[in-house]
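This briefing covers a pocket, a helix and a nonpolar core. The sequence and structure come before the details.

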Amino acid sequence: LRIRRQQLGNIHPDVASSLNNLANVYSNQGKYVAAEALYEEALRISRQLLGDDHPDVATLLNTLANVCSDQGKYAAAEPLYEEALNIYRQQLGNENVDVVGSLKNLANVYRNQGKYVAAEALYEEALRISRQLLGDDHPDV
(Lines give C-alpha, C1' and ligand atoms only; values in the text may rest on other atoms or scores of the structure.)
Protein backbone atom coordinates (compact mmCIF):
# COMPACT_ATOMS: atom_id res chain seq x y z
CA LEU A 1 0.00 0.00 0.00
CA ARG A 2 2.76 2.40 0.95
CA ILE A 3 4.65 1.66 -2.28
CA ARG A 4 1.55 2.05 -4.41
CA ARG A 5 0.77 5.39 -2.79
CA GLN A 6 4.34 6.57 -3.44
CA GLN A 7 4.41 5.37 -7.04
CA LEU A 8 0.84 6.03 -8.13
CA GLY A 9 -0.48 8.73 -5.81
CA ASN A 10 -3.36 8.51 -3.39
CA ILE A 11 -6.16 8.54 -5.97
CA HIS A 12 -5.55 5.45 -8.08
CA PRO A 13 -7.51 2.21 -8.64
CA ASP A 14 -4.58 0.09 -7.43
CA VAL A 15 -4.44 2.08 -4.18
CA ALA A 16 -8.16 1.51 -3.68
CA SER A 17 -7.65 -2.19 -4.38
CA SER A 18 -4.82 -2.42 -1.85
CA LEU A 19 -6.92 -0.61 0.75
CA ASN A 20 -9.77 -3.02 0.12
CA ASN A 21 -7.49 -6.06 0.36
CA LEU A 22 -5.94 -4.89 3.61
CA ALA A 23 -9.40 -4.10 4.98
CA ASN A 24 -10.46 -7.66 4.13
CA VAL A 25 -7.54 -9.01 6.15
CA TYR A 26 -8.39 -6.79 9.11
CA SER A 27 -12.06 -7.74 8.91
CA ASN A 28 -11.19 -11.46 8.86
CA GLN A 29 -9.04 -10.89 11.95
CA GLY A 30 -11.91 -9.17 13.74
CA LYS A 31 -10.17 -5.77 13.57
CA TYR A 32 -13.36 -4.09 12.45
CA VAL A 33 -12.50 -0.50 13.32
CA ALA A 34 -9.32 -0.64 11.24
CA ALA A 35 -11.13 -2.42 8.43
CA GLU A 36 -13.94 0.12 8.43
CA ALA A 37 -11.53 3.04 8.03
CA LEU A 38 -9.78 1.38 5.09
CA TYR A 39 -13.05 0.45 3.39
CA GLU A 40 -14.21 4.06 3.77
CA GLU A 41 -11.04 5.34 2.13
CA ALA A 42 -11.30 2.80 -0.70
CA LEU A 43 -14.91 3.85 -1.19
CA ARG A 44 -13.98 7.55 -1.37
CA ILE A 45 -11.30 6.83 -3.99
CA SER A 46 -13.60 4.59 -6.02
CA ARG A 47 -16.39 7.17 -6.02
CA GLN A 48 -13.93 9.79 -7.22
CA LEU A 49 -12.58 7.57 -10.00
CA LEU A 50 -15.70 5.68 -11.08
CA GLY A 51 -18.59 7.86 -10.05
CA ASP A 52 -21.29 7.23 -7.49
CA ASP A 53 -23.32 4.77 -9.59
CA HIS A 54 -20.68 2.22 -10.56
CA PRO A 55 -21.24 -1.42 -9.55
CA ASP A 56 -17.76 -1.53 -7.97
CA VAL A 57 -18.85 1.31 -5.70
CA ALA A 58 -21.88 -0.78 -4.75
CA THR A 59 -19.60 -3.69 -3.89
CA LEU A 60 -17.54 -1.47 -1.62
CA LEU A 61 -20.71 -0.12 -0.02
CA ASN A 62 -21.75 -3.69 0.72
CA THR A 63 -18.41 -4.64 2.26
CA LEU A 64 -18.37 -1.49 4.38
CA ALA A 65 -21.93 -2.23 5.48
CA ASN A 66 -20.91 -5.81 6.33
CA VAL A 67 -18.22 -4.51 8.68
CA CYS A 68 -20.69 -2.13 10.30
CA SER A 69 -23.18 -4.96 10.69
CA ASP A 70 -20.51 -7.26 12.14
CA GLN A 71 -20.00 -4.63 14.84
CA GLY A 72 -23.72 -4.41 15.55
CA LYS A 73 -23.90 -0.96 13.94
CA TYR A 74 -27.09 -1.76 12.06
CA ALA A 75 -28.28 1.83 11.74
CA ALA A 76 -24.99 2.68 10.00
CA ALA A 77 -25.13 -0.41 7.77
CA GLU A 78 -28.71 0.13 6.61
CA PRO A 79 -28.22 3.19 4.34
CA LEU A 80 -25.05 1.66 2.88
CA TYR A 81 -26.91 -1.53 1.93
CA GLU A 82 -29.80 0.54 0.56
CA GLU A 83 -27.47 2.61 -1.63
CA ALA A 84 -25.69 -0.52 -2.89
CA LEU A 85 -29.02 -2.14 -3.74
CA ASN A 86 -30.16 0.97 -5.63
CA ILE A 87 -26.93 1.08 -7.64
CA TYR A 88 -27.14 -2.60 -8.53
CA ARG A 89 -30.78 -2.24 -9.61
CA GLN A 90 -29.96 0.83 -11.73
CA GLN A 91 -26.85 -0.57 -13.35
CA LEU A 92 -27.55 -4.31 -13.55
CA GLY A 93 -31.33 -4.58 -13.50
CA ASN A 94 -33.52 -6.31 -10.93
CA GLU A 95 -32.83 -9.87 -12.05
CA ASN A 96 -29.20 -10.16 -10.95
CA VAL A 97 -27.30 -12.12 -8.30
CA ASP A 98 -25.79 -8.93 -6.88
CA VAL A 99 -29.30 -7.59 -6.34
CA VAL A 100 -30.19 -10.83 -4.55
CA GLY A 101 -27.16 -10.51 -2.28
CA SER A 102 -27.99 -6.92 -1.45
CA LEU A 103 -31.62 -7.78 -0.76
CA LYS A 104 -30.53 -10.48 1.70
CA ASN A 105 -27.97 -8.20 3.37
CA LEU A 106 -30.51 -5.44 3.83
CA ALA A 107 -33.13 -7.93 5.03
CA ASN A 108 -30.67 -9.23 7.64
CA VAL A 109 -30.10 -5.71 8.94
CA TYR A 110 -33.83 -5.06 9.07
CA ARG A 111 -34.32 -8.34 10.95
CA ASN A 112 -31.55 -7.46 13.41
CA GLN A 113 -33.30 -4.15 14.09
CA GLY A 114 -36.67 -5.82 14.63
CA LYS A 115 -38.11 -4.58 11.32
CA TYR A 116 -39.57 -7.99 10.55
CA VAL A 117 -42.21 -7.01 8.00
CA ALA A 118 -39.67 -5.11 5.89
CA ALA A 119 -37.16 -7.96 6.23
CA GLU A 120 -39.72 -10.55 5.15
CA ALA A 121 -40.61 -8.59 2.01
CA LEU A 122 -36.95 -8.40 0.99
CA TYR A 123 -36.33 -12.09 1.70
CA GLU A 124 -39.36 -12.96 -0.44
CA GLU A 125 -38.11 -10.78 -3.29
CA ALA A 126 -34.63 -12.33 -3.05
CA LEU A 127 -36.18 -15.80 -3.14
CA ARG A 128 -38.33 -14.94 -6.16
CA ILE A 129 -35.36 -13.59 -8.11
CA SER A 130 -33.15 -16.52 -7.08
CA ARG A 131 -35.76 -19.00 -8.30
CA GLN A 132 -36.06 -17.12 -11.57
CA LEU A 133 -32.30 -16.98 -12.11
CA LEU A 134 -31.26 -20.37 -10.75
CA GLY A 135 -34.35 -22.58 -10.69
CA ASP A 136 -36.12 -24.18 -7.76
CA ASP A 137 -33.62 -27.01 -7.36
CA HIS A 138 -30.47 -24.91 -7.06
CA PRO A 139 -28.76 -25.17 -3.62
CA ASP A 140 -28.62 -21.37 -3.27
CA VAL A 141 -32.40 -21.20 -3.51
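**Largest pocket**

The lining of the largest pocket divides into five nonpolar residues, five polar and one charged (Ala, Val, Leu, Ile, Met, Phe, Trp, Tyr, Cys and Pro count as nonpolar, Asp, Glu, Lys and Arg as charged, and the others, Gly among them, as polar). The model is predicted: local features need pLDDT of at least 70, side-chain atom pairs count only at pLDDT 80 or more, and totals for chains, interfaces and linings use all residues. Residues are numbered from 1 along each chain as its sequence is written, and side-chain values use heavy atoms, with hydrogens and water left out.

- Lining this pocket are P13, A16, S17, N20, S46, L49, L50, D56, T59, L60 and T63 (lining residues have an atom within 4 Å of a point on a 1 Å grid; a pocket is an open set of points where a 1.4 Å probe fits, with protein on both sides within 12 Å along at least five of seven lines).
- Two or more lining residues come from each of α2 (13–28), α3 (32–50) and α4 (55–70) (helices are DSSP runs of H or I, at least four residues, numbered from the N terminus).

**Helix α2**

- V15, A16, S18, L19, N20, A23 and S27 of α2 are buried (under 20% relative accessible area, 1.4 Å probe, protein chains only).
- These buried residues pack against α1 (2–8), α3 and α4.
- G30, with a positive phi near 80°, follows α2.

**Nonpolar core**

- The largest nonpolar core has 36 residues, and L61 and L103 have the most contacts inside it (a core is a set of buried Ala, Val, Leu, Ile, Met, Phe, Trp, Tyr and Cys residues joined through side-chain atoms within 4.5 Å).
- Its largest share, eight residues, comes from α4.
- Leaving aside neighbours within four places in sequence, L61 is in contact (heavy atoms within 4.5 Å) with L43, R47, L80, E83, A84 and I87.

Terms used. Buried means under 20% relative accessible area, exposed over 50%, partly exposed in between (1.4 Å probe, protein chains only).
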